[in-house]
Amino acid sequence: MKATRSLGVLALVLILCMALICPPASAHRVIVRGQVNEIQIRAYFGGGSADPMAYADVEIYAIKNGQEELYKTGETDENGMFYFAPKIGVFEYRAVVEATGHRGEEWVNLTEGAGITEAEQEEAEEEAGLPLAQMIAGFGYLIGLAGIAMILTARKMKKRYENK
Amino acid sequence: MVHISDGVLAEWLWGGGWAVTAIILAYALSKMKTEDVPRLSVITAAVFVASLIHISVGPTSVHFILNGFAGVMLGILAYPCIFVALVLQCFLFGFGGITTIGINTVNMGVPALIAYLIFRTGTGLNIRPETKNRASLFGAIAGGVAVVLALLFLAAELLTTGEEFLETTVLVVSTHIPIIAVEAIFTGVIVGFIATVEPELFGKK
């Protein structure tokens, strides 16, 4: 009887000790999970304005083992943004954005990192800026074309004159 | 907004666009004289860079086309002007697409020719400083109508991709109202100015 009682006291002391040592939070298991929620697509017009392509149709194709299949469709918001959650096990996507005859596409590869690199950022800014060099090149081509056109028409007129 | 990109239209449509463009181009170039070349080049340069002037309207961005202006200034030669401008815009600025250069030239070039017809019928090409106001008025009408027609052509072609004609037309025309207005005024003012200082420029083409 005495032994049973002292066992009981010991058990009680042990339980109390444990309760004192362990902080209360340890009773909960901490769960940490990683998750990629969404891929962001931004569509905007080039040629100097960089205006967002709002309310444009979006088609997202998931690419796995070289096979492409339509994964999601939707519409960009007023800022030309579209968001979609990636599919488990699929790392490559093709996004096609289209509005009233304008169409652009972009490949997203998750294995190459989710963000855009500095070089890509620079390229994007350059694409959105005013293409001054191209404008000058265009004028150059025009002057060249005008020269060719003048030679050809002058030759035609000369022939006509000689025939008379 | 009037530059259709690659991959939007069916093959027969952009192929047909190339065929129509080739025929009109061949005809227009056969009519070209040496003295037309400098004027053609200058107007082409204007059309080429005008597409970089953007206006943000509602959910989209619109830019100048100047097809009506080209039509009034060049007559049938507006077609090669728009073709060359579109080729340069496509390769240098990435506007539109390579396969769609033909159909885009139809969309902007045919309205340019119609604009010229309006201008020619309205003024009889009998332009002198005294008839400057009449020339200006018809220049403005031609400048505005050409843009509207280009948008109607676009909406008609987008029908084949499943877009609603009325919906697309209302959308593109309403967003282009500032462009239509500015191009009409621009063409009217330039025509009025040329009618005063150099009316021979509008001689029969």
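Student: Which residue takes a positive phi of about 65 degrees just after H5(B)?
Tutor: This is a predicted model: local features need pLDDT of at least 70, side-chain atom pairs count only at pLDDT 80 or more, and totals for chains, interfaces and linings use all residues. Residues are numbered from 1 along each chain as its sequence is written, while chains are lettered from A and ligands numbered from 1 in the order in which they are written. Helices (H or I, at least four residues) and strands (E, at least two) are DSSP runs, numbered from the N terminus. Just after H5(B), the residue with this phi is B:Gly124.

Student: B:Leu125 is not a glycine, yet has a positive phi. Is B:Leu125 buried, partly exposed or exposed?
Tutor: B:Leu125 lies in the loop between H5 and H6 of chain B, with a phi of about 55 degrees. A residue is buried if 20 or more other C-beta atoms, placed from the backbone, lie within 10 Å of its own, exposed if 12 or fewer, and partly exposed in between. B:Leu125 has 16 C-beta neighbours inside 10 Å, so it counts as partly exposed.

Student: How far apart are the end C-alpha atoms of helix H5 of chain B?
Tutor: The expected span of a helix is 1.5 Å times one less than its number of residues. H5(B) covers residues 101–123, and its 23 residues should span 33 Å. The model agrees: the end C-alpha atoms are apart by 32 Å.

Student: Where in H5(B) does a kink lie?
Tutor: The bend at a residue is the angle between axes fitted to the seven residues ending there and the seven starting there. In H5(B) the kink is about 25 degrees and comes shortly before the proline B:Pro111. It lies at B:Asn107.

Student: How many residues of H5(B) are buried?
Tutor: B:Tyr116 sits in this helix, and its 25 C-beta neighbours inside 10 Å make it count as buried. H5(B) is largely enclosed by the rest of the structure, because its buried residues number 18 of the 23.

Student: Which residues does B:Tyr116 touch, beyond those up to four places away in sequence?
Tutor: Two residues are in contact if their C-beta atoms, placed from the backbone, lie within 7 Å. B:Gly162 is 32 Å from B:Tyr116, C-alpha to C-alpha, and 46 residues away in sequence. The residues touched by B:Tyr116 are B:Gly71, B:Val72, B:Gly75 and B:Ala78.

Student: Against which helices do the buried residues of H3(B) pack?
Tutor: Helix H3 of chain B spans residues 67–74; 8 of the 8 are buried, so it is largely enclosed by the rest of the structure. Among the buried residues are B:Phe69, B:Met73 and B:Leu74. They pack against these helices of chain B: H2, H4, H5, H6 and H8 (177–197).

Student: Which residue follows H3(B) with a positive phi?
Tutor: The phi is near 65 degrees. The residue that follows H3(B) is B:Gly75.

Student: How many residues of H6(B) are buried?
Tutor: H6(B) has 27 residues that should span 39 Å, and its end C-alpha atoms are 39 Å apart, which agrees. The helix is largely enclosed by the rest of the structure, because its buried residues number 19 of the 27.

Student: Which element gives the most to the side of chain B that touches chain A?
Tutor: The contact takes 32 residues from chain B and 30 residues from chain A. Elements giving two or more residues to the chain B side include helix H4 (78–93), helix H6 (132–158) and helix H7 (165–175). The most, 7 residues, comes from H2(B).

Student: How many residues of that side are charged?
Tutor: Ala, Val, Leu, Ile, Met, Phe, Trp, Tyr, Cys and Pro count as nonpolar, Asp, Glu, Lys and Arg as charged, and the others, Gly among them, as polar. The side of chain B that touches chain A has 20 nonpolar and 11 polar residues. Its charged residues number 1.

Student: Which are the edge strands of the sheet in chain A?
Tutor: Chain A has 3 helices and 6 strands. Two strands pair if DSSP finds at least two bridges between them. Four strands form an open, antiparallel sheet in the order E3-E2-E5-E6. Pairing on one side only, the edge strands are E3 (67–75) and E6 (102–109).

Student: What is the bridge partner of A:Val96 in E6(A)?
Tutor: Strand E5 (residues 92–99) of chain A and E6(A) pair in the antiparallel sense over 8 bridges. In E6(A), the partner of A:Val96 is A:Glu105.

Student: Is A:Asn65 buried or exposed?
Tutor: A:Asn65 is in the loop between strand E2 (57–64) and E3 of chain A. Its phi is positive, about 50 degrees, although it is not a glycine. With 6 C-beta neighbours inside 10 Å, A:Asn65 counts as exposed.
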